[in-house]
Amino acid sequence: MPKVIAITSEKGGVGKSTLAVHLAGAFHERGLNVMLVDEDGRVGSSLRWAQKAGEHGGLGYSVIQPDDVKPRKLADLDVLVIDTEGRPKRKELRQLAGRADLILVPSGTSALELESTRELLDFLRDEGDAMRKTRVALTRVPPVGHAGEDARESLRDEGWTVSNTLVRLYAAYQKAAEAGLLCRDIRDPRADTAWDDILSLSRELL
Ligand SMILES: Nc1ncnc2c1ncn2[C@@H]1O[C@H](COP(=O)(O)OP(=O)(O)O)[C@@H](O)[C@H]1O
Ligand SMILES: [Mg+2]
């Protein structure tokens, strides 16, 4: 069975779909057999991204709806990435924690964003072995200054596992979403730097 990585967050707009699409792309580039399940389905989600991508050859891996997850399809996968909607109900979160091997919680670095991330983490702390499976990935990190390092350190001080890689804030990701591409394939001065962040995070996860 594949390693199941579920990406979830307390709020919308933190960068879940961006991370899901790009991490799956990084696993694919590294030669792993990967699929992405879109459990959100709204505008801007990974399924829409893949539809746009289809107009110019696709993302290289499949993005599917929850209904299309079949044991046959999972059999020879290395990794299954799940993109979810923001504001999950506690019951949904509990189920997600049950079926995932890794719960990846993207978070911005501002005080407000960290506050809502902590709300989600506090729930996971009390939820069976969910804490062991949980990893925070700081994203949309300002490339200048120390906000990312500071947030990483304070979350670690509280006992959380936080990825070393800081996914920095670059316009290449927005351009990638608009074009239905990966930032790697965008014409932008920071495209390669952005992609390096993603590759580095992917190596920390698998
Ligand atoms: N690392 C990043 N740098 C710059 N913009 C980002 C980054 N990650 C996400 N974004 C932008 O933030 C917005 C929300 O991202 P999205 O992935 O749709 O969040 P979610 O799926 O959590 O709602 C989008 O406009 C996206 O392009
Ligand atoms: Mg989304």
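**Ligand shell**

Ligand 1 is surrounded by 15 residues. Gly13, Gly15, Lys16, Ser17 and Thr18 are the closest of them. The model is a predicted one.

By class, the shell holds seven polar, five nonpolar and three charged residues.

| Residue | Protein atom | Atom of ligand 1 | Distance |
|---|---|---|---|
| Val14 | backbone N or O | oxygen | 3.2 Å |
| Tyr170 | backbone N or O | nitrogen | 3.1 Å |
| Gln174 | side-chain N or O | nitrogen | 3.4 Å |

The protein covers 81% of the accessible area of ligand 1, which has 560 Å² on its own. Val14 and Tyr170 each use a backbone atom. Gln174 uses a side-chain atom instead. A polar contact needs the two atoms within 3.5 Å. The Gln174 pair, at 3.4 Å, therefore counts as a polar contact.

**Largest pocket**

Where does ligand 1 sit? Its place is the largest pocket. That pocket holds about 450 Å³ of space. Its lining has 27 residues, and Gly13, Val14, Gly15, Lys16 and Thr18 are the closest to the centre. Gly13, Gly15, Lys16 and Thr18 are also among the closest residues to the ligand.

H1, S6, S7 and H8 each bring at least two residues to the pocket lining. How do the lining residues divide by class? There are 11 polar, 10 nonpolar and six charged residues.

**Largest cavity**

How many cavities of 30 Å³ or more does the structure hold? The count is one. The largest cavity has a volume of about 30 Å³. Its lining consists of Ser9, Glu10, Lys11, Val14, Val105, Pro106, Ser116 and Thr117. Strand S5 (102–107) and helix H5 (111–125) are the elements that give two or more residues to this lining. By class, three of the lining residues are nonpolar, three are polar and two are charged.

Val14 links the two spaces in this account. Val14 lines the cavity, and Val14 is also one of the residues closest to the pocket centre. A backbone atom of Val14 lies 3.2 Å from an oxygen atom of ligand 1 as well.

Definitions and conventions:
Residues are numbered from 1 along each chain as its sequence is written. Chains are lettered from A and ligands numbered from 1 in the order in which they are written. This is a predicted model: local features need pLDDT of at least 70, side-chain atom pairs count only at pLDDT 80 or more; totals for chains, interfaces and linings use all residues. Side-chain values use heavy atoms; hydrogens and water are left out. A residue is near a molecule or strand if one of its heavy atoms lies within 4 Å of it. A polar contact is a pair of N or O atoms within 3.5 Å; within protein, one must be able to donate a hydrogen and the other to accept it, and residues adjacent in sequence count only if both atoms are side-chain atoms. Accessible areas come from the Shrake-Rupley method with a 1.4 Å probe; for residues, only the protein chains shown count as cover. On a 1 Å grid over the protein atoms alone, a cavity is a set of points where a 1.4 Å probe fits but cannot get out, and a pocket is an open set with protein on both sides within 12 Å along at least five of seven lines; lining residues have an atom within 4 Å of a point. A molecule sits in a cavity or pocket if more than half of its atoms lie within 2 Å of its grid points. Ala, Val, Leu, Ile, Met, Phe, Trp, Tyr, Cys and Pro count as nonpolar, Asp, Glu, Lys and Arg as charged, and the others, Gly among them, as polar. Grid points are joined across faces, edges and corners, and a volume is the space filled by probe spheres set on the points. Helices (H or I, at least four residues) and strands (E, at least two) are DSSP runs, numbered from the N terminus.
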